[in-house]
Amino acid sequence: MKVVKNESISNINKNRDFYDKKYKGVNVNGLINTLNNLDAFLNDATTTDISWVGMYINDFKDQVRDKKIMELGCGDCANVAVMAALGAQVIANDISDYSGDIVDALNSNYKFEHDITFVKGDFTSHDLSKQSLDMVIGKAFLHHLTLEHELKVIKKITQVLKPDGEARFFEPAINSKFLDELRWAMPMNNRPSKLFSPKAFKKWEDADPHPHRNNSSKHFERLGYQFFSKTEIIPMGMLERFYRILPFSTKNLRKFRRTALKLEKYAPKFIQYFGARSQTIIYKMPKHQ
């Protein structure tokens, strides 16, 4: 295993501890029910839930059959299960052992065309065959890495992708310091307000598994062109981000989110960029290292 600086190792361990607790209680029966109603699930999720909208943008659903795809940070395994049910040859990777347990349960309880393979631990530490994968993807994965670790991950991806391969990520977008500070000022779920409860916020921040790093669209664009010949960044969530503060019922909130994601596409690109909550990152044509 290549040497990683102490900061990256500490960050990996922090993420492992955090997500071991989160994924220990995943309801595999719920995932199986999703797969048994896959068309209905995807029709709803890929028009309403921004992470699914972002990951499945540009007809991703229709691209995956028989493709060899590795998902980094597979987590609760919902997306690897969906891709496998769509006919992909899926390799799932996560630092949490519990993700491997979920994969085992999925393979035992659902008849995939190709069983899901689980690869445990840091992606960069594995000796994977060069130019063997059609796609490497991550759903809210890169922003959990230190910038040093991220470079190692992207370089490794260029080694394992085929010449016409694609890397695709869905990540938060922080393109406006003002909007970011406004976000931290608002309490949300178990997160205190940075403005009104600074001590409580600092305690929450210390336990949070996300490192302090650059998550701007410009950062991911620069990163992409360093390792790939084609880079596309698609900002989204400019209007959809406000659903969390609206006093609607669940049904009406989902309707608002669908409508917001449709309407914001008509806004000027610089406004979409400035107001984005999230972004889809697509890298193509790896510059093989």
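A crossing is left-handed if the near helix is turned anticlockwise from the far one by less than a right angle, and right-handed if clockwise. With that in hand, I opened the model.

**Ground rules.** I am working on a predicted model, where local features need pLDDT of at least 70, side-chain atom pairs count only at pLDDT 80 or more, and totals for chains, interfaces and linings use all residues. Residues are numbered from 1 along each chain as its sequence is written, and side-chain values use heavy atoms, with hydrogens and water left out.

**Entry 1: α2 and α6.** I looked up helix α2 (residues 28–36) and helix α6 (residues 97–109), whose axes come within 10 Å and cross at roughly 50°. I noted a right-handed crossing of α2 past α6. On the α2 side, the contact (heavy atoms within 4.5 Å) uses Val 28, Leu 31, Ile 32 and Leu 35, and α6 brings Ile 102, Ala 105, Leu 106 and Asn 109.

**Entry 2: α3.** Which residues of helix α3 (residues 38–48) are buried? I found Leu 38, Leu 42, Ala 45 and Thr 48 (buried is under 20% relative accessible area, exposed over 50%, with a 1.4 Å probe and protein chains only). They sit on the same side of α3, because their arc around the axis is only 160°. On the other side, I see Asp 39, Ala 40 and Asn 43 exposed. The buried set packs against α2, α4 (50–55), α5 (78–85) and α11 (250–263).

Technical notes: Axes fitted to C-alpha atoms, helices over the stretch in contact; angles between N-to-C directions. Helix = DSSP H or I, 4+ residues; strand = E, 2+ residues; numbered from the N terminus. Arc of directions from axis to C-beta.
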